[in-house]
Amino acid sequence: MTVFLTVFSGVITFVLGQLVIKLLVDPVQDFRKAVADIALVLIEYANVYANPGVAGSEIEKKVSEEFRRLSSRLNAQMYLIPCYPITAKIFGLPSRKKVVDAASNLIGLSNGVFQSASNQVLVNVERADKIRKALGIFIPEHEQVKLDK
């Protein structure tokens, strides 16, 4: 009987551990990967969104689609995390409002890479800055783009 209880408690512990990993830890890790991918493209494509209309239509279209895809992915990853407000506090994730703001600004960047209004550079750089702040993406002060308003 003792052996059965030991094996049974081991199986229950294993199953509960796997549930926590699959339902909580994996979605949080996927969310963080999405934030990391956003940090990557904000640096990688800074030359495109800070100079709208200069890179050429093929590159601008690619960058626009990438920002839009990442916005969608960020939203989707947030909704996969159960009890997001509570889980966000436990794992140090941004609030739901900040995630929605970041996703909205990613869509704005997606639309802003093409040539348009004269102040589009300023708008795009401000959007990128809002995304970084909302998601907690650190950039050293000396590497941040500063535009005169």
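The largest nonpolar core of this predicted model has 30 residues. Phe31, Ile38, Leu42, Phe67 and Leu74 have the most contacts inside this core. Helix 1 gives the most, with seven residues. In soluble globular proteins, nonpolar side chains tend to be buried together.

Leu74 is then in contact with Phe31, Val35 and Ile38, among others. Val99, Ala102, Ala103 and Leu135 also touch Leu74.

Now step back to the fold. The chain has six helices and zero strands. From the N terminus on, its elements run α-α-α-α-α-α. The chain is more spread out than a compact globule, because its radius of gyration is 20 Å, well over the 15 Å that the globule rule gives for 149 residues. Its C-alpha trace spans about 80 × 30 × 25 Å along the principal axes.

What links the chain over sequence distance? Among contacts with a separation of 6 or more, 71% are between residues 24 or more positions apart. Buried residues make up 33% of the 149 residues.

Last comes the surface. The chain exposes about 9,400 Å². Carbon and sulfur atoms supply 62% of that area. The chain carries 18 positive and 14 negative charges.

Note on methods:
Residues are numbered from 1 along each chain as its sequence is written. This is a predicted model: local features need pLDDT of at least 70, side-chain atom pairs count only at pLDDT 80 or more; totals for chains, interfaces and linings use all residues. Side-chain values use heavy atoms; hydrogens and water are left out. A nonpolar core is a set of buried Ala, Val, Leu, Ile, Met, Phe, Trp, Tyr and Cys residues joined through side-chain atoms within 4.5 Å. Buried means under 20% relative accessible area, exposed over 50%, partly exposed in between (1.4 Å probe, protein chains only). Helices (H or I, at least four residues) and strands (E, at least two) are DSSP runs, numbered from the N terminus. Contact means heavy atoms within 4.5 Å. The radius of gyration is taken over C-alpha atoms; the globule rule is 2.2 Å times the number of residues to the power 0.38. Accessible areas come from the Shrake-Rupley method with a 1.4 Å probe; for residues, only the protein chains shown count as cover. Lys and Arg count as positive and Asp and Glu as negative; His and the chain ends are not counted. The place of a charge is taken as NZ of Lys, CZ of Arg, CG of Asp or CD of Glu. Lists of a residue's contacts leave out its neighbours within four places in sequence.
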